[in-house]
Amino acid sequence: MTRTNSFARHSVCFLSFITWLLGGVVLGTMMWVLATTPTVKHFFSGTLVFTYIVLSVGSLLFINGILGWIGSYKRGTCLMKFYLILSVITISAEVGGIVALNVLRMKMTDVLSTAWGEVNQMTKNVVQEHFDCCGFLGPQEFVDTTDPIDDSCYYTVKSDDDNSVVQTKTLNRMGCKEKLVDWFYSNKIIWIASLGGLLLLQVAVVLFAVYVINQIKRARRSNTSSFNDVHYHTRL
């Protein structure tokens, strides 16, 4: 039984550390995006839906992970209960978000369009370079801006001229919208499996946490009972 208790407690500690690390990565990435994009000035306007959702999920994972990590290590019932409540809230929020997307019938293009408008230019450049595209709908997005178009929007064309190779840069007319949608649908199994794995990880942590809390309570009742018995026999 002691080995089972030790395994459950160490499992909660390890899985909580993974959750905390994942939340830290999400928060750190979103903070970097906010710090390097002009949309940061609209943070308190209530219009950055994608940013708010990512920050909320990252914060829940980060706080939840650190509570479970410390609570399982210190064997604190209060921290473990708080950790259990936050775990249930996090799972409910994730499942509720998926259901809401289906109920509202939001298309993948709507989600990607919202995310594209809130990420920084460096992220867009990486996407443009990887998928050989320019802008979300095309290079016409840059008509109303004075900023130069990044090199990721261009592709190199080689041509032979008088026994010499000439390389010219040509603006890519294809937008990233269709390519991103195609990529998400073609890799649907991967990201659905990732989301399922995250939910499975959280459910496993909840089950282990419930077991650890019950074992801590039982151990404390046993210690209290033993102390009372010793105190009673001493008085006799």
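Because the model is predicted, local features need pLDDT of at least 70 and side-chain atom pairs count only at pLDDT 80 or more, whereas totals for chains, interfaces and linings use all residues. Residues are numbered from 1 along each chain as its sequence is written, and side-chain values use heavy atoms, with hydrogens and water left out.

Let me begin with the rings. The structure holds nine aromatic pairs, where rings of Phe, Tyr and Trp (its six-membered ring) pair if their centres lie within 6.5 Å, and planes under 30 degrees apart count as stacked, over 60 as edge-to-face and the rest as tilted. In one of these pairs, the ring centres of Phe17 and Trp69 are 5.1 Å apart with the planes at 70°, so this pair is edge-to-face. Phe17 sits in helix α1 (residues 2-35) and Trp69 in helix α2 (residues 49-74), so the pair ties together parts that are 52 residues apart in sequence; helices here are DSSP runs of H or I, at least four residues, numbered from the N terminus.

Trp69 also pairs with Trp20, and since their centres are 5.4 Å apart and their planes at 45°, that pair is tilted. It again links distant parts of the chain, with Trp20 in helix α1 and Trp69 in helix α2, 49 residues apart. Ring pairs join Phe17, Trp20, Phe62 and Trp69 into a cluster.

As for exposure, buried means under 20% relative accessible area, exposed over 50%, and partly exposed in between, with a 1.4 Å probe and protein chains only. Phe17 is partly exposed at 29%, Trp69 is partly exposed at 30%, and Trp20 is partly exposed at 21%. The buried residues of α2 include Val54, Leu55, Leu61 and Leu67, and among them are also Gly58, Gly65, Gly68 and Gly71.

Finally, the packing of α2. Helix α2 and helix α4 (residues 108-118) pack at an angle of about 90°, with their axes 8 Å apart, the axes being lines fitted to C-alpha atoms over the stretch in contact and the angles running from 0 to 180 degrees between N-to-C directions. That makes α2 roughly perpendicular to α4, a term for angles of 65 to 115 degrees. The contact (heavy atoms within 4.5 Å) is made by Val49, Phe50 and Thr51 of α2 and by Thr114, Ala115 and Glu118 of α4.

Conventions. Helix = DSSP H or I, 4+ residues; strand = E, 2+ residues; numbered from the N terminus. Parallel < 35°, antiparallel > 145°, perpendicular 65-115°, else oblique.
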